[in-house]
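Please report on the two-part model shown here.

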Amino acid sequence: MLKIKLIIVKNLNDNSKKYCYPWSPFRDNWLKNKEERCIMQKSLKIDIYKNGYNASHINCIDIPIAGASGYYNYENYFYYCFYYSMFTNWTNIKNDHWLTLRNEILKKIGLTMVVNKIDDSSQLISSIKSHIDNMQPLILIAKYNSLFYSGSYLNIADKGSHGIIISGYDTERPLIIIRESVHIDNNLFSTVKVEALTKFQITDDLLLDIWNKTNISYKEENSLLYNTLYNIEKTGEPYIKNYKELVDDFLNNFDPNCSKLAEVVNSFNDCIDNMKSYGSIELLRRIFYGSITVLFEILGKAIQVEMLSEENQNRFNIFKDEYKKFRYFLLSKLHAQALRNKPLNITQKEGFLEEIHTKDNELIKLIKEFYC
Amino acid sequence: MNMNNIETKIRAIIEENAEMQKDFSHITSDIDLKNIGINSITFIKIVVSIETEFGIEFEDEDLDYNKFPNIKSLVNYVEDKTHNSKESK
């Protein structure tokens, strides 16, 4: 402690910038090497999106895709999250392949997600470097139990997948720069607020460990994700360039008759057993409640709620609260009915369907009124 | 059934569902359920287990964990429900 104090005094008297911070006799070398360090890393600039979303809103594969799209334009992250919410709640798009929906969204912002098959793991690092050199962020969809920094590492019971952005590499040292969207404890995410897209670097070997362990699982599962790495690249000019165009597109394409929530209610009595598991209800809550938070937040941003009259601000906020409250209640009711082994009677079912339809129509009416 | 018995049973149900908190010996009845790892999903599981245990059913509008911040509020609710159902018999 005494030694540190002496150094501080010396620094203050010295009045030289180079000693200001950190107060260390190694500061000279640190400064000398700082420039070299920057050159040593090829890293794509992606915001941390501290004001972004977590796994209670959008799943841990689509948040990284949104983040990677943000490399091309900061707002892409929000456009992607908005469309993800919209398309998972109301859509006719056939979800025959998991990439279909994602690429429909990315198409709106002039991007696409490309599949790279890497059958020889010794090619993984060179493939990553080649994409980064071409300024294309990558997405690796790993198994939780292959992530050494996850609580599920080597836990064979955890078969979930998790997306990671790969955004850079070190030219001198065997290091890969990754971005983590959320951390990674399913039991915690709903109670712990975590930062989005935290940046850190791991060695090539650790990345290969993730890759190899992940692909052992995917091979066993005969998964489409086996030996696959995705890159996000530009295909042309974005169709959506600002929030005005985003809302226009929403108003033109929103169809309350395509409600996925209504589909859930309609098929509830045939799927009661499926609705009992934690995983299923967590998924439904995320899609039909969590992502609605995203939708309202971005709509609010687009229509500039704060610029509306006080009366209209209140109307927007009250409607938002009622809309979310209804969905929260409906999902709780469905979950409780499933655990009680009680099907919905016809009156309950029709009541819920009508309420869903009414609320969706009110949503579109309100946005039209405030926006047009 | 007295309040102590109700509380003991509800504690056992919560303990079974609380994934973050394993040792319940020092948990007071007014601790925030969110702080012991109860979320909106585990809350519904707890509700249905309570229903089965006490032969009651929560009203639709009460399927909301914001209305039940702690063990005490659940105990009071069950006490009211079981008391009312006895009176109506």
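Asn222(A) follows helix α7(A) and has a positive phi, near 55°. The model is predicted: local features need pLDDT of at least 70, side-chain atom pairs count only at pLDDT 80 or more, and totals for chains, interfaces and linings use all residues. Residues are numbered from 1 along each chain as its sequence is written, chains are lettered from A and ligands numbered from 1 in the order in which they are written, and side-chain values use heavy atoms, without hydrogens or water.

**Helix α7(A)**

Helices are DSSP runs of H or I, at least four residues, and strands are runs of E, at least two, numbered from the N terminus. Helix α7 of chain A covers residues 204-221. Its 18 residues should span 26 Å at 1.5 Å a residue, and the end C-alpha atoms are 26 Å apart, so the two agree. The expected span is 1.5 Å times one less than the number of residues.

Buried residues of α7(A) include Leu207(A), Ile210(A), Trp211(A) and Tyr218(A). Buried means under 20% relative accessible area, exposed over 50%, partly exposed in between (1.4 Å probe, protein chains only). The buried residues pack against α6, β3, β4, β5, β6 and β7 of chain A. Contact here means heavy atoms within 4.5 Å.

**Cysteines**

The structure holds zero disulfides over all chains. A disulfide is a pair of cysteine sulfur atoms within 2.5 Å. For Cys258(A), the nearest cysteine sulfur is that of Cys271(A), 19 Å away.

| Cysteine | Relative accessibility | Class |
|---|---|---|
| Cys60(A) | 10% | buried |
| Cys258(A) | 9% | buried |
| Cys271(A) | 24% | partly exposed |

Cys60(A) lies in the loop between β1 and α3 of chain A. Its C-alpha atom is 5.7 Å from that of His162(A), 102 residues apart along the chain.

**Interface**

Ile41(B), Asp60(B) and Leu63(B) supply 33% of the area that chain B buries against chain A, more than any other three residues.

Four salt bridges join chain B and chain A. A salt bridge is a side-chain nitrogen of Lys or Arg within 4 Å of a carboxyl oxygen of Asp or Glu. Arg340(A) forms a salt bridge with Glu57(B), the closest N and O atoms being 3.6 Å apart.

Key. Buried area is the accessible area (1.4 Å probe) that two parts lose on being put together, summed over both.
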